[in-house]
Amino acid sequence: MPHTDLPGRIRSLDAYSPGLSIDEIRQKYNLSVVIKMASNENPLGCSPLVQQVIARKAPYAFRYPQSGNPRLCEALAERHKIDKAQIAIGNGSDEIIDLLMRILCEPRKHSIACFEPCFSIYPIQAQINGLETRRCALKSDFSFDFDKLLEKIDGSTRLCFVTTPDNPSGYCPEPEKVAEFAQKLSVRAPECLLVIDEAYMDFAPNAGTTSLLESGKLPANAAVLRTFSKSYGLAGLRIGYGILPDDLASYYWRARLPFSLNILAEEAAIAALEDYAFREATIKIVREGRKFLATGLARIGCHVWPSAANFLMFKLPKNSISAAECFEKLLAKGIIIRKLASYNLPDKLRVSIGNTSENLAFIEAMEAIL
Ligand SMILES: *Cc1c(COP(=O)(O)O)cnc(C)c1O
């Protein structure tokens with residue numbers, strides 16, 4: 001059947017290009033070890049306690065999960081000292097981003113707002129959902145111009161996404177600035193929800209005061225998104241959650257497919273919340289590795305942007321090779337990092353913080369290449 005009559009917003013979607021897999025790279029370059037520092041995954045892997053729980057619960061895979069994930073909601077309410085009625089759980093925070101659009105927005109009528117460049121899921125899901133994306137350029141140092149972002153927003157804008165710490169730069173705005181923006185937003189567009197994506201907040205210095213969620217100062221018109229993909233090391237299980245205002249969470253649960261979080265993912269998430277030591281160890285190794293990589297890259301003349309996340313964005317020294325060439329040369333040495341051409345930053349690269357030996361191998365490879 002030829003699909004010639006699809007909606008334009010679907011026909012114009014680009015195919016996702018995942019790049020070569022670890023196995024394909026190993027074969028192509030005849031390597032025994034491939035190091036992946038491309039997707040901001042956990043350098044410690046995933047908690048051994050979580051692995052035990054998954055194995056122990058495997059026999060229950062034949063059961064449907066409990067609808068509404070009440071046990072995980074309870075555990076998250078406890079972790080953040082909030083009312084469990086505010087919690088939304090999704091198949092990755094990606095699912096929550098998509099559902100918020102479908103719940104709050106009318107196709108072809110409403111818009112979303114975000115900075116440019118930003119996490120690609122916001123504009124892509126907006127397009128799929130028939131929503132215009134209003135983009136506000138980041139400042140040249142990758143910091144946020146909240147006043148300019150506010151100017152992009154009007155009565156049709158139902159969602160505004162702010163990522164803190166930001167991807168791909170690692171920039172983290174002061175919490176007072178975010179709160180001030182939320183206040184101005186509530187005046188300019190009372191119907192617009194500010195979505196603060198805190199996927200990387202655990203890695204920020206002083207997360208307890210940097211996060212409006214942790215400090216108990218979440219404005220009434222704001223939601224926070226968190227994920228188990230980064231500091232908890234469970235990217236492959238797809239678990240995200242949100243803290244939503246007022247009655248929005250109840251609509252979220254009505255709109256969500258009943259079983260989008262699978263039964264083993266739910267058990268894993270509950271166990272991961274209990275393994276405090278693993279999360280602390282992750283945060284420690286990321287903060288140390290971040291310093292090591294930033295120093296190492298600066299030593300060979302790269303410009304490194306300050307990062308509060310588990311990755312660093314950097315630019316190669318003037319008059320050296322191109323970012324694309326550097327990426328390919330690292331691949332040939334079995335190290336995968338992230339090109340930022342899809343973020344419209346073709347002269348920059350992003351490297352995820354690895355474990356001690358991965359970080360060392362990356363810096364040695366960079367020294368050899370430059
Ligand atoms: C990694 C990441 C997420 C997490 O997405 P999941 O769907 O929970 O894996 C969310 N937001 C940003 C900006 C990210 O980089």
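This is a predicted model: local features need pLDDT of at least 70, side-chain atom pairs count only at pLDDT 80 or more; totals for chains, interfaces and linings use all residues.
Residues are numbered from 1 along each chain as its sequence is written, and side-chain values use heavy atoms, with hydrogens and water left out.

## Around the ligand

| Residue | Atom on the protein side | Distance to a ligand oxygen atom |
|---|---|---|
| Ser93 | backbone N or O | 2.7 Å |
| Tyr200 | side-chain N or O | 2.6 Å |
| Ser229 | side-chain N or O | 2.6 Å |

How much of the ligand's accessible area does the protein cover? On its own the ligand has 390 Å² of accessible area, and the protein covers 93% of that. Areas like this come from the Shrake-Rupley method with a 1.4 Å probe; for residues, only the protein chains shown count as cover.

Ser93 sits in helix 5 (residues 93-104). Helices (H or I, at least four residues) and strands (E, at least two) are DSSP runs, numbered from the N terminus. Is Ser93 buried or exposed? Ser93 counts as buried because its relative accessible area is 11%, and the cut-offs are under 20% for buried, over 50% for exposed and partly exposed in between (1.4 Å probe, protein chains only). Setting aside residues up to four places away in sequence, Ser93 touches Arg226, Thr227 and Gly240, where contact means heavy atoms within 4.5 Å.

## Two nonpolar cores

A nonpolar core here is a set of buried Ala, Val, Leu, Ile, Met, Phe, Trp, Tyr and Cys residues joined through side-chain atoms within 4.5 Å. The largest one has 51 residues, and the members that touch the most others are Leu72, Leu149, Cys160, Val162, Phe181, Leu194 and Phe228. Helix 11 (residues 263-274) gives the most to this core, with seven residues. Take Leu194: beyond four places in sequence, Leu194 touches Cys160, Val162, Val178, Phe181, Ala182, Leu185, Asn221, Ala222 and Ala223. Apart from this core lies another, with 37 residues, including Tyr200, Leu297, Phe314 and Ile353.

Next come two buried loop residues. Asn42 is in the loop between strand 1 (35-36) and helix 3 (48-57). Asn42 is buried because its relative accessible area is 10%. Not counting residues up to four places away in sequence, Asn42 touches Lys230, Ser231, Tyr232, Gly233, Phe278 and Thr282. The Asn42 side chain reaches the backbone oxygen of Ser231 at 3.2 Å, and a polar contact of 3.2 Å joins it to the side chain of Thr282. Asn42 and Ser352 are 310 residues apart along the chain, with 9.0 Å between their C-alpha atoms.

Phe203 lies in the loop between strand 6 (193-197) and helix 9 (207-210). With a relative accessible area of 0%, Phe203 is buried. Leaving aside neighbours within four places in sequence, the contacts of Phe203 include Lys230, Ser231, Thr282, Ile283 and Val286.

Which peptide bonds are cis? Among them is the one from Glu116 to Pro117, with omega near 0°; Pro117 is found in the loop between strand 3 (111-116) and helix 6 (121-128). Thr164 and Pro165 are also joined by a cis peptide bond, with omega about -10°, and Pro165 lies in the loop between strand 5 (157-163) and helix 8 (175-188).

Positive phi turns up outside glycine too. Arg108 has phi near 65° and lies in the loop between helix 5 and strand 3; Arg108 counts as exposed, at 69% relative accessibility. Asn319 has phi near 65° and is in the loop between strand 10 (311-315) and helix 13 (323-332). Asn319 is exposed, with a relative accessible area of 83%.

Terms used. A polar contact is a pair of N or O atoms within 3.5 Å; within protein, one must be able to donate a hydrogen and the other to accept it, and residues adjacent in sequence count only if both atoms are side-chain atoms.
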